Amino acid sequence: PATFILLHAQGKASKRRTSHIHSRCTTFPNKSMNVAGPIRSRPLPLSADGKDTGTSVGSSSSNDVDMYLDVPSFELSLDEFEEYALARLKVLRKIEEMKTRNLPPETFRTQLDASIKANLTSTQQKHKTKLDVASHFILRAAYCRTEDLRRWFLAQECRLFRHRLENLSRSSSTNNSGLREFLANNDFDLDPVSREEKERLSDKLQKVPGGPTSPGEFINTQYYRVPFVQALELVSRRECYVEKGQAYVPLARIVSIVAAKFRVALSKSLALAAGVFGQVAHDEASRIGPLLKSMNSQYTGPGAPNAVMGTDGENALTAATVDALADQSMPLCMQQLHQGLKRDHKLKHQGRLQFGLFLKGAGMSLEEHTLFFQREFTRIMTSEQFNKSYSYSIRHMHGKEGKRASYTPYNCMKIIFGNPPQSGVEHHGCPYKHFDDQNLSALLTKLKIGSVADRDVIMSHKKDGNFQLACAKHFEVSHPSATSVDGVNLDGVGNHPNAWFSASVSYHNAKNGGGASSSSIELKQGQGVAMAM
């Protein structure tokens, strides 16, 4: 039988959410409850009082690279459970956002290092290890539920793992001592090339592009022999020598092979976890189940819920200003909802949720939210009908009714993979995903988004299924040179409508001389037009 990890809640839950979660190793036969997949059952060492001793799991003490093969065993409060997961989620979404923007490799590394330092780093090594390991396993459990979630999590985690492994290789001394230590700690069985064989192949090995550039460097470089099918990435880039079905790989390029094995192991774990997530979530329905189910929709963008503020410190997004800000700074999905509301004077349920939570996340208060919707809806109904049928749901969004939860705005993934709108009746969803090519092209032309060439690029992304790239391109052509404007935070653009909106407002403030750092706008009396200060 295989060994599995079950994130099992211990202790009693309380309304103040101060109960403790104990992640422990549990062994089950195949088809048993599992939220992480096959692992080695060696728990993270604990002290006598049950606290983390600081020993790194699956990685050497000199680096932060972890294969996540070992069972974490420590206590987390429910608040820590959510806090750790959201910290890692910020890093993974940052990776996705940078890939969407096609940043140069050096810029990608610099910004990712900064995100890791801001979210997954602690001054104490034992807490740093606990944060990293716990957050990975929590998100692994949360993202195993569907094929789309598994694919997204696998892609971002593999990029994060590879980044850390490349950093380890670069930061090691000339003999890659850190990488050697990592390989030894994780039981990688690599076949080293003997000195005699290395000398026999010296001419061919030194001709490999990007290899050792001098005889001295070649002598000090350790080569390994692996089946070429395990080095297909290197073979495709002609970065290794192949002979008789074996690839000869220098130690510095072992990163590619290790990353491939990490991907296979994580993919298998996610697939195994998917089959039993429902049972685990049901058993923990009162505590961690809801957290896991909602994790992928949590908002981690900048400045929520008060992303746009006025110069007097009050919320600038009001019923009086929303029309101007919709035309200036809302992404296409929210513009379509706004226009649908103005035209039909109503929105269907999914549209009210998507647009309402966006407005809430952008800083619109409950009172202004109600006033804005009431102003439109009462053009086709009485105030009594509106209050009876719609005001409750608005209060519920703001946490004033029902279980009084404060709901977060939808991110792009939730919108893209949500229920598609009925044509001509509903206005929710992602235009890049749910509009056909003809309608989207006509809409982009009508709105005069960029040049013909720019619109062709957007349509190309749409046809390739890269809907978030299309949205990011829309922002790029609508906000020229945004990357060079001080104070404009582009994190999350193309990943979250609220991040798009916040960055756009900051951009226009800065361009009009108001400075983007405060994200402040002033309203000209009688015009309802947002102007920078």
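Reader: How many bridges pair strand 6 (residues 223–227) with strand 8 (residues 246–250)?
Author: This is a predicted model, numbered from 1 along each chain as its sequence is written. Local features need pLDDT of at least 70, side-chain atom pairs need 80 or more, totals for chains, interfaces and linings use all residues, and side-chain values use heavy atoms, leaving out hydrogens and water. Strands are DSSP runs of E, at least two residues, and helices are runs of H or I, at least four, both numbered from the N terminus; strands pair if DSSP finds at least two bridges between them. Strands 6 and 8 pair in the antiparallel sense, and the bridge count is five.

Reader: Which residue of strand 8 stands opposite Tyr-223?
Author: Strand 8 covers residues 246–250 and pairs with strand 6. Opposite Tyr-223 is Pro-250.

Reader: How many residues apart in sequence are the parts tied together by Lys-94 and Asp-491?
Author: The two form a salt bridge (Lys or Arg side-chain nitrogen within 4 Å of an Asp or Glu carboxyl oxygen), with closest N and O atoms 2.4 Å apart. Lys-94 lies in helix 1; Asp-491 is in the loop between helix 23 (467–478) and helix 24 (497–511). So the separation in sequence is 397 residues.

Reader: Is Glu-376 buried or exposed?
Author: Glu-376 meets Lys-342 in a salt bridge, N to O 2.8 Å. Lys-342, at 27% relative accessible area, is partly exposed. The classes are buried under 20%, exposed over 50%, partly exposed in between (1.4 Å probe, protein chains only). Glu-376 has 0%, so the class is buried.

Reader: Which side chain makes a polar contact with the side chain of His-427?
Author: His-427 sits in the loop between helix 19 (412–416) and helix 20 (431–434). Its relative accessible area is 15%, which means buried. Its contacts (heavy atoms within 4.5 Å) beyond four places in sequence include Gln-336, Arg-343 and Leu-347. At 2.8 Å, the polar partner is Asp-344 (N or O atoms within 3.5 Å, one able to donate a hydrogen, the other to accept it; sequence neighbours count only if both are side-chain atoms).
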